[in-house]
Amino acid sequence: AAWMCDTFGNDLGSAAELSIDDSTAANDPDVAAIISDAEIIFIAGGDQNQYEDNWKGTLVEDALNQHIATDQAPIAGTSAGLAILGQSYYAPANLGVLSREILDDPYHANTDDINHGDFLLHPQLAGVITDTHLDRVSGKGRKTETRHGRTFGFLARAVSDTSSLNARAIGVEEGTLVALNSAGVASVYGEGAAYFMQPNNYPEQIQSGQPLIWDNGGQAVSVYRIQGSVSGNGSFDLQNWNGSGGDWNDWFTSSGYDGFNCQTGC
């Protein structure tokens, strides 16, 4: 709160910082009232599983959904805070899944906490699953990997779990912000890129213990990549799922992680 006041000065009337660490606190009417009275809400990074466990089914969840859906007021989040803003979301109780793990087995044990439509209900992110840190490198030597394949795997699960090609994914790289206006049009700020992902068909193979096959002749998923900038770059309409200032690419996998191809930009 002090940083907010120091940074934004007279543009900010007041700020409050809440640490809601259990369901008892999340059911405190005074805590929910602070959220209900807020004009802008920012959800910090951390552990989205704790947000889910501590807030789901509480007054805090109700207040957040009122802020988002009824009041249509601004809300934002970083890392775990962004992860729970999509109506589809990933909140792992254990280790976060890696690209190789989800592509080689879309029902890997670390994917048990992919959920749909049962927590925060941002109307502009209906059917959207979000992911962050896409260019973060895991592993060593020849086995290094980024999270681009993980986001692709999340979208495959969302399509399969919901039996709908209306599922979407948005992934952002490190130091990158996707800002939506009231009409659901996004611009991209910061150092990295954002990826807006749309499926073109159902996965040819998605089952436990088997590598994901989602090929469609090399056109399984259409991905629009917008490079961020300090002043904001590009424009992407989440309603029409089309944009300007970026480039379309096709992502696919012919067989799990080793068959994954995201072409340029990842």
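What does the accessible surface of the protein chain come to, and what percentage of it belongs to carbon and sulfur atoms? In this predicted model, the accessible surface is about 12,600 Å², and carbon and sulfur atoms account for 46% of it. The protein chain contains 8 helices and 14 strands. Its radius of gyration is 19 Å, close to the 18 Å given by the globule rule for 266 residues, so the chain is as compact as a globular protein of that length.

**Overall form**

- Taken along the principal axes, the box filled by the C-alpha atoms of the protein chain is roughly 55 × 40 × 35 Å.
- Buried residues make up 45% of the 266 residues of the protein chain.
- Of the contacts between residues at least 6 apart in sequence, 67% join residues at least 24 apart.

**Charges**

- The structure contains 6 salt bridges, including the pairs described below.

**The salt bridge of Lys56 and Glu52**

- Lys56 and Glu52 meet through their side chains in a salt bridge, with an N to O distance of 3.3 Å.
- Lys56 has 30% relative accessibility and counts as partly exposed, whereas Glu52 has 9% and counts as buried.
- A network of salt bridges links Glu52, Lys56 and Asp118.

**The salt bridge of Asp258 and Arg100**

- The side chains of Asp258 and Arg100 form a salt bridge at 3.5 Å, N to O.
- Asp258 lies in the loop between strand S13 (247–253) and strand S14 (260–261), while Arg100 lies in helix H7 (residues 99–104), so this pair ties together parts that are 158 residues apart in sequence.
- With 66% relative accessibility, Asp258 counts as exposed; Arg100, at 30%, counts as partly exposed.

**The salt bridge of Arg150 and Asp131**

- In the salt bridge between Arg150 and Asp131, the closest N and O atoms are 2.7 Å apart.
- Because Arg150 belongs to helix H8 (residues 148–162) and Asp131 to strand S5 (residues 128–131), the pair ties together parts that are 19 residues apart in sequence.
- Arg150 and Asp131 are both buried.

Note on methods:
Residues numbered from 1 in each chain as written. Predicted model: local features only at pLDDT ≥ 70, side-chain atom pairs only at ≥ 80, totals over all residues. Heavy atoms only, no water. Helix = DSSP H or I, 4+ residues; strand = E, 2+ residues; numbered from the N terminus. Rg over C-alpha atoms; globule rule 2.2 N^0.38 Å. Buried < 20%, exposed > 50% of the residue type's maximum accessible area, 1.4 Å probe, protein only. Contact = heavy atoms within 4.5 Å. Areas by Shrake-Rupley, 256 points an atom, 1.4 Å probe, with all protein chains shown as cover. Salt bridge = Lys/Arg side-chain N within 4 Å of Asp/Glu carboxyl O.
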